[in-house]
Number of protein chains: 2
Amino acid sequence: MTLILGIDPGSRITGYGVVRDTGKGCEYVASGCIRTGGGELHARLQAVYRGISEVIRLYGPVTMGIEQVFMARNADSALKLGQARGAAIVAAAECGLEVAEYTATQVKQAIAGTGGADKQQVQMMVMHLLKLIQKPQIDASDALAIALCHAHHRQSLIPHGLASAKRRGGRLRL
Amino acid sequence: MTLILGIDPGSRITGYGVVRDTGKGCEYVASGCIRTGGGELHARLQAVYRGISEVIRLYGPVTMGIEQVFMARNADSALKLGQARGAAIVAAAECGLEVAEYTATQVKQAIAGTGGADKQQVQMMVMHLLKLIQKPQIDASDALAIALCHAHHRQSLIPHGLASAKRRGGRLRL
């Protein structure tokens, strides 16, 4: 049983999701959004840092997944996104969590079985895999998708998990 | 007497500089570089966070200046720079420091009296203002320039300081 955190940082909203990897699949634990508000830069970044630290303190995940950014829209938005990512990653590292990065394609592949899945398909699969009745907010859903992807890749590092994943064509085990 | 920290974050090297504002001018306290090494992203960001926290713990500055980034070279470098800035700003905020941002033009104006000064001119003026015999490493020198700019702008918020600064044509008091 491993508790896994996924985060989706943004300059205004940082989504988070926590899942429990039972070894036979993943169960939903918690998800939500940290809203940074309209204050000064250092206060907004501190909100991300403290929010992630608080989520870790509350639920006790031991490892974190985050999406790798390949093509930011432009330099200005990349800088803002980078600042939020820096604050969030440092929070996890200071709490002693491992941090792993995954590309958007890896996340889609793990959740929906294809790197070409759209946001809606990923969200529907997150709901299905975690047996959610209500649709999570989109940033929280993206964070849960990353947590599930991280669980999947961690499993595939274990010989038994790897064999199991291969049998199922590399898709996430239910 | 106020201790002021200036930082110049980068994805590989983060410069820092600490000056003492005596009310009649600024004195050199310390400067240096935090090198993040070639490890994993979270370890590099943690090095920035811990490095800045340690500088604050060692010298006890109460306020920090940082350069505002307007035009990053490209989205990829902006993201990396943003991550380092996020880690550094959160360290300062968590240590209870005020954080103020200044444009490159404001820094040059405060140090050299003209927003058009080049890097070498700024470095020479930093050495002159702080009575340094040896040339500091360029990132440390940039950080000291930001600390001096921050000292200058803080002084100008005090009525007496403002009048004094105006008499001197807006340049930094020696």
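Helices here are DSSP runs of H or I with at least four residues, strands are runs of E with at least two, and both are numbered from the N terminus.

A word on the model. It is predicted: local features need pLDDT of at least 70, side-chain atom pairs count only at pLDDT 80 or more, and totals for chains, interfaces and linings use all residues. Residues are numbered from 1 along each chain as its sequence is written, chains are lettered from A, and side-chain values use heavy atoms, without hydrogens or water.

Back to α2(B). How far apart are its end C-alpha atoms? They are 28 Å apart. The helix covers residues 75-94, so 20 residues at 1.5 Å a residue should span 28 Å, which agrees. The expected span is 1.5 Å times one less than the number of residues.

Now the start of that helix. B:Asn74 caps the N-terminal end, with a side-chain oxygen 3.0 Å from the backbone nitrogen of B:Asp76.

Is α2(B) mostly covered or mostly open? Mostly covered: 16 of its 20 residues are buried. Buried means under 20% relative accessible area, exposed means over 50%, and partly exposed is in between, with a 1.4 Å probe and protein chains only.

Over to chain A. A:Lys80 sits in helix α2 of chain A. This lysine is partly exposed, at 39% relative accessible area. From A:Lys80 to A:Thr114 the C-alpha separation is 30 Å, and they are 34 residues apart along the chain.

Next, A:Glu67. An unreviewed UniProt entry annotates A:Glu67 as "binding site". Such annotations may be inferred rather than shown by experiment. A:Glu67 lies in strand β4, residues 63-67. Its relative accessibility is 28%, so A:Glu67 counts as partly exposed. Leaving aside neighbours within four places in sequence, its contacts include A:Ile7, A:Arg85 and A:Tyr102. Contact means heavy atoms within 4.5 Å.

Last, the two chains together. 25 residues of chain B are in contact with 25 of chain A. About 2,100 Å² is buried between them, and carbon and sulfur atoms give 66% of that. Buried area is the accessible area, 1.4 Å probe, lost on putting two parts together, summed over both. Which residues of chain B lose the most area to chain A? B:His42, B:Leu79 and B:Glu94, together 24% of what that side buries.

All the interface residues of chain B, 100%, are also interface residues in chain A, so the copies meet through the same surface.

Notes: A polar contact is a pair of N or O atoms within 3.5 Å; within protein, one must be able to donate a hydrogen and the other to accept it, and residues adjacent in sequence count only if both atoms are side-chain atoms.
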